[in-house]
Amino acid sequence: MLADVEATVALGAALASVLPPQPAPPAVIYLEGDLGAGKTTLVTGLLRKINASEPVKSPTYTLLEVHVISGLHFYHLDFYRFSKPEEFLDAGLDDCFSGAGVCLVEWPEKARPYLPGADLVVRLAYEGGGRRARIEAVSERGWTWLSALKARLDALGWRDCSA
Ligand SMILES: Nc1ncnc2c1ncn2[C@@H]1O[C@H](COP(=O)(O)OP(=O)(O)O)[C@@H](O)[C@H]1O
Ligand SMILES: [Mg+2]
């Protein structure tokens, strides 16, 4: 349960601390949830932890924001404005999903079936005045990162974080 904005930011930061520096091929993290569910907020927390100094702009209008922080590549994507998944093919995003780095994808469902598969799927939902996050590991390395994340959240004293 993420009671407030700070909790969403903290979850992003915790996630940042369990990802390897430059996963190759890039780590793919899907961020699902309605408008305003906190997807961009979570990415902000993640990038802040890595040490982003510039403000984290939402890529809703730009499709892609690339952050290169100390030589590490973060691709923040948002497919909200796609009217059909084929737009993914014309968007020229292959570079994001090859090489090394971390791809954080908002509205992945709008680019299916062309979007590369995820390592982790984060689902954010409104609950009371806050949000609830559910995280699912899809790949083998995703499992490794998710167990590290659980251990990290345990160590931070987060309760109510069942898998
Ligand atoms: N756990 C939370 N509880 C309450 N409000 C939150 C929480 N996390 C984020 N918010 C707020 O909800 C809004 C989410 O916006 P944003 O992260 O841009 O959503 P999305 O990218 O999913 O559309 C922001 O105003 C943010 O401050
Ligand atoms: Mg957003």
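The model is predicted.

**Stop 1: the shell around ligand 1**

Select ligand 1 and show its neighbours. The ligand is surrounded by 17 residues. Thr8, Gly36, Lys39, Thr40 and Thr41 are the closest. Now colour the shell by class. Seven residues are polar, five are nonpolar and five are charged.

**Stop 2: contacts with ligand 1**

Start with Leu2. One of its backbone N or O atoms sits 2.9 Å from a nitrogen atom of ligand 1. Go on to Gly38. Here a backbone N or O atom is 2.9 Å from an oxygen atom of the ligand. Then pick the side chain of Thr40. An N or O atom in that side chain lies 2.8 Å from an oxygen atom of ligand 1. Next, show the surface of the ligand. Alone, ligand 1 exposes 580 Å², and the protein buries 73% of that.

**Stop 3: the elements behind the shell**

Select α1 (5-18), α2 (39-50) and β6 (130-137). Each of them gives at least two residues to the shell around ligand 1. Helix α2 supplies the largest share, three residues.

**Stop 4: helix α4**

Which residues of α4 are buried? Show Gly142, Trp145, Leu146, Leu149 and Leu153. These lie on the same side of α4, because they cover an arc of only 100° around the axis. Now turn to the other side of the helix. Glu140, Trp143, Asp154 and Ala155 are exposed there.

Technical notes
Residues numbered from 1 in each chain as written. Chains lettered and ligands numbered in written order. Predicted model: local features only at pLDDT ≥ 70, side-chain atom pairs only at ≥ 80, totals over all residues. Heavy atoms only, no water. Near = heavy atom within 4 Å. Polar contact = N/O pair within 3.5 Å; in protein donor to acceptor, adjacent residues only side chain to side chain. Areas by Shrake-Rupley, 256 points an atom, 1.4 Å probe, with all protein chains shown as cover. Helix = DSSP H or I, 4+ residues; strand = E, 2+ residues; numbered from the N terminus. Nonpolar A, V, L, I, M, F, W, Y, C, P; charged D, E, K, R; others polar. Buried < 20%, exposed > 50% of the residue type's maximum accessible area, 1.4 Å probe, protein only. Arc of directions from axis to C-beta.
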